[in-house]
Amino acid sequence: MFKKLIGAIKRTFTRKKSVAMPLNKETEIDREINALYEIVIEALGSDRLVLQAGKMDALRLLRSPNPCERVLALRRILEENPTLTPEPEPKELHNEIARLSELLANIIARHQIEDKIDRKVNEKLEHDHQEYVKDIRMQILKEEKPSEETPHDAKKREEIEKLEKVKLTQSVMELLRPKNLDEIIGQERAVKSLRAKLASPYPQHLILYGPPGVGKTTAARLVLESVKNLEYSPFKEDAPFIETDGTTLRWDPRDMTNPLLGSVHDPIYQGAQKSLAESGVPEPKPGLVTDAHGGILFIDEIGEMDTMLQNKLLKVLEDKRAYFESAYYDPTDERVPKYVKMLFENGAPADFVLIGATTRDAASINPALRSRCAEIYFEPLTPMHIIEIVKNAAAKLNVKLEDGIAETISEYTIEGRKAINILADAYSLALEDNAENVQITKKHIYEVAQVSRLFQYVTKKASSNSTVGHIFGLGVSGFIGSVIEIEAIVFPAEKGKGTIRFNETAGSMAKDSVFNAASVLRKVTGKDIHDFDVHINVIGGGNIDGPSAGTAILSALISAVTGKKIRQDVAVTGEISLQGRVRPVGGVFEKAYGAKQAGIKVLVIPKENSKDIPPNHLGLEIHAVETAEDAFKYIFEDEIKFVD
């Protein structure tokens, strides 16, 4: 149709004006004008032509016998301008008709393209409409009648249902885990402090320090349950206890995933939910800090979290909200759901109490985070605590213990959790031996120790016998104190040409303590160490981190030089100065634990550390001294005579 119209226009205006054509000029013009009108009528329709002529004030001109006025009317219609005047001169009609024919061809071509586009648009709209109607129908069908399972889906469902029916007995750790605060052994002071800080109307963020297996997580969970019923407690009955592990939390610099603080799934690469992805709306995903809103967020091994994530957590603690950002979020987009807009503009609520637990020292925690938290130290368990834990667990297992079983287990571990594991393994062996009358014997314990490659935790034992040149010092590793055996031996040498040998692996500070002790030796006894060949040894080759073995080294050296015997039920700690004063050291509380583990009865500490440890702590006889002379009264079996 389009090609026919264009062809007709071209034929009308490309006729040769040959003198061989005996046509009257006026008749030819009329024919051309009539041909143009016929094409316009065919292209636009007669009704549309009349309407257009009326709008363009061209009806009168359209009916005029004057060809010039008719051409003017056609011009107004095609150019859509009712103000066009005047009509062309008769001599200009040919040129004007040729121009109008070209204009008419362009209009027809444009209309043809528009028609094609309209048809495609209508087809697309119709297709989308049909798809939409189809989706609605399917949704209605699903709501009215659930779709039938395929054989594959049914098989998978049956497998899961079969697995659900299989139930093992609860794990031994679950069975033996403390059910109330009274069952947490050896942490009375820590639990009391923890409860006091959470029971307040203004609970504090906390960091719990201590060795593994002493009950930090269990204590936090049970304390929350115990304070929920208090009238002044801010924790409601449904306050959550959200537990996570700092070793599994990592900071993503792309900020694409963050289970702790929350993240945003963009609609293109990360796959926001379908309803949001189709409209290009990002989906915020609140994290554990929001899950813990109104309760406790417990992060075990918080010292393992990277620094950046600790800083981000600090910001959440200050704002009590977790905020989200996304380049895909458009606040003016009306398709954004209200909850998404709320999360982006207001953030997610995150008002909780943080409790972090760590087996590392305080240096591993962000200082800014530590400054906002109260700190509680859980104490290492003593053999007596392990014995009590084992006996309580045996009662829950309803199993008999041979005499000395709990004591034997206490020699292999200082962790309550490990002690229960040893007991559970021995219980399994005893059950195999006699299922009707289950009794755990030492044979079962030793078999567990051999299979698990366990070794006795404490190998250095105190003694009631006194010895020359041997003394127990004290050290700290993490939160665990331990005894350090130091021995010294001397041989007479040519005056002033003696040598001193000391463990290089013990460390430079311990070596300095040897030279300090040599000076104090001369001051106290009047004997010059350079008159002897001296060998001082730290048994086991351990590194002594700090000068705290100074008093012990001095005592061993004086014993070797004078032949005076040292009591082997005494342990000593303290830096020695050149004036013979015993200076304060760190870790006295933990060192007392190490002394108790080794069977020490008497503990000698610097006087300035006396407030760091309660009197008779762990049943030890504790003496705080100012000088080496005061310390010698408790260290040596016989009195040391000093030179004036």
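Modeller: Let's start with L208, which stands opposite I376 in β9. Keep in mind that this is a predicted model.

Biologist: What makes β1 and β9 a pair of strands?

Modeller: Two strands pair if at least two bridges are found between them. Strand β1 (residues 205-209) is joined to β9 by five bridges, so the two count as paired, and they run parallel.

Biologist: Where do these strands sit in the sheet order?

Modeller: The order is β2-β5-β8-β1-β9, an open sheet of five strands with parallel pairing. From one strand to the next, the twist averages 20°.

Biologist: Why do β2 and β9 stand at the edges?

Modeller: Each of them, β2 (241-245) and β9 (373-377), has a single partner strand, so one side of each is left without a neighbour in the sheet. Helix α9 (residues 188-199) lies across β1, β5 (296-300), β8 and β9, and runs at about 160° to β9.

Biologist: Let's look inside the sheet. Why is G356 called buried?

Modeller: Buried means under 20% relative accessible area. G356 has 0% relative accessibility, so it counts as buried. This glycine lies in strand β8 (residues 353-358).

Biologist: Which residues is G356 in contact with, leaving aside its neighbours within four places in sequence?

Modeller: Those are L206, I207, L208, I299 and I302. The C-alpha atoms of G356 and G246 are separated by 8.9 Å, with the two residues 110 apart along the chain.

Biologist: And S410, is that buried or exposed?

Modeller: The relative accessible area of S410 is 8%, which is under the 20% cut-off, so S410 is buried. S410 is found in helix α17 (residues 405-410). Beyond its neighbours within four places in sequence, S410 is in contact with P383, I386 and I387.

Biologist: Which residues of α18 make the contact?

Modeller: From α18 they are I422, D425, A426, L429, A430 and D433, and they meet K443, H444, I445, E447 and V448 of α19. By class, this contact has six nonpolar, one polar and four charged residues.

Technical notes. Residues numbered from 1 in each chain as written. Predicted model: local features only at pLDDT ≥ 70, side-chain atom pairs only at ≥ 80, totals over all residues. Heavy atoms only, no water. Helix = DSSP H or I, 4+ residues; strand = E, 2+ residues; numbered from the N terminus. Buried < 20%, exposed > 50% of the residue type's maximum accessible area, 1.4 Å probe, protein only. Contact = heavy atoms within 4.5 Å. Axes fitted to C-alpha atoms, helices over the stretch in contact; angles between N-to-C directions. Nonpolar A, V, L, I, M, F, W, Y, C, P; charged D, E, K, R; others polar.
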